[in-house]
Amino acid sequence: AGLGYVPTSPETADVVKGKAARLETQEVSVVGIKKLAAGNIYTGMFGKVAGVGAELYWGIPFDSRPLALRGYMKYKSTTINKAQAPYSDKKNTPDVCQIQMFLTDWTETFKISTSDKKFVDFNDGAIIARGEMHTSDSHNGYVRFTIPLVYRDHRTPRYAVISAAASMYGDYFTGGVGSTLLLDEFELVYDPAELTEEEFNTVFSQVSPF
């Protein structure tokens, strides 16, 4: 923001209710070096700008076991025009947005460093449950989504992470400038009766969340 770029901002005009989050992928110039900055949002804290990337701390204290994450999204996908390894082959393909949630029993928040390519390993045994969706479909209006959480064991969570990005591969400076994801009205689902049969079967596919 100090350099004049704001990839993530409040949205008050195009909303489901009240205020939404607007995530837009932009090209930014840092000390004369042009890099992709994917609009993103996450539960946790921003650490600092580090090199041409950033240090982030993912996770907030959380100790319950929801069945799913639900909300509304509206996406405009552009063609990926900025790509770097290991996703160089994605150039000139439709950009993809991502929304995910996972629960962990980390002893502290997880430090991400985009410059050092230090990210969460989803095979880590500390991850208790995870759900994720991604799409390249563009929408004329908001669509409702439900992301079932797949549990791996019965441990009690210590942290929850919800994150979303207008460009799924933005951590690797790969995406389409102008891709925009609007998000509104997130909620956690705890009642199995609120799930479709397919969503219910996904939640219970490995370990019962109860």
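Three strands form an open sheet in the order S6-S7-S11, with antiparallel pairing; two strands pair if DSSP finds at least two bridges between them. This is a predicted model in which local features need pLDDT of at least 70 and side-chain atom pairs count only at pLDDT 80 or more, while totals for chains, interfaces and linings use all residues. Residues are numbered from 1 along each chain as its sequence is written, and side-chain values use heavy atoms, with hydrogens and water left out.

**Open sheet**
- Strands (E, at least two residues) are DSSP runs numbered from the N terminus.
- The edge strands, S6 (44-50) and S11 (110-113), each pair on one side only.
- S7 (residues 53-58) pairs with S11 in the antiparallel sense over 4 bridges, and Leu-56 stands opposite Ile-112 in S11.

**Largest nonpolar core**
- A nonpolar core is a set of buried (under 20% relative accessible area, 1.4 Å probe, protein chains only) Ala, Val, Leu, Ile, Met, Phe, Trp, Tyr and Cys residues joined through side-chain atoms within 4.5 Å.
- The largest such core has 23 residues, and those with the most contacts inside it are Met-73, Ile-99, Leu-103 and Leu-181.
- Among the elements that give two or more residues to this core are S2 (20-24), S9 (68-76), S10 (97-104) and S16 (180-189).
- S10 gives the most to this core, with 4 residues.
- Contacts of Ile-99 (heavy atoms within 4.5 Å) include Leu-69, Met-73, Phe-145, Leu-181 and Phe-186, not counting residues up to four places away in sequence.

**Second core**
- A separate core of 13 residues includes Phe-102, Phe-110, Ile-112 and Phe-119.

Key. Buried means under 20% relative accessible area, exposed over 50%, partly exposed in between (1.4 Å probe, protein chains only).
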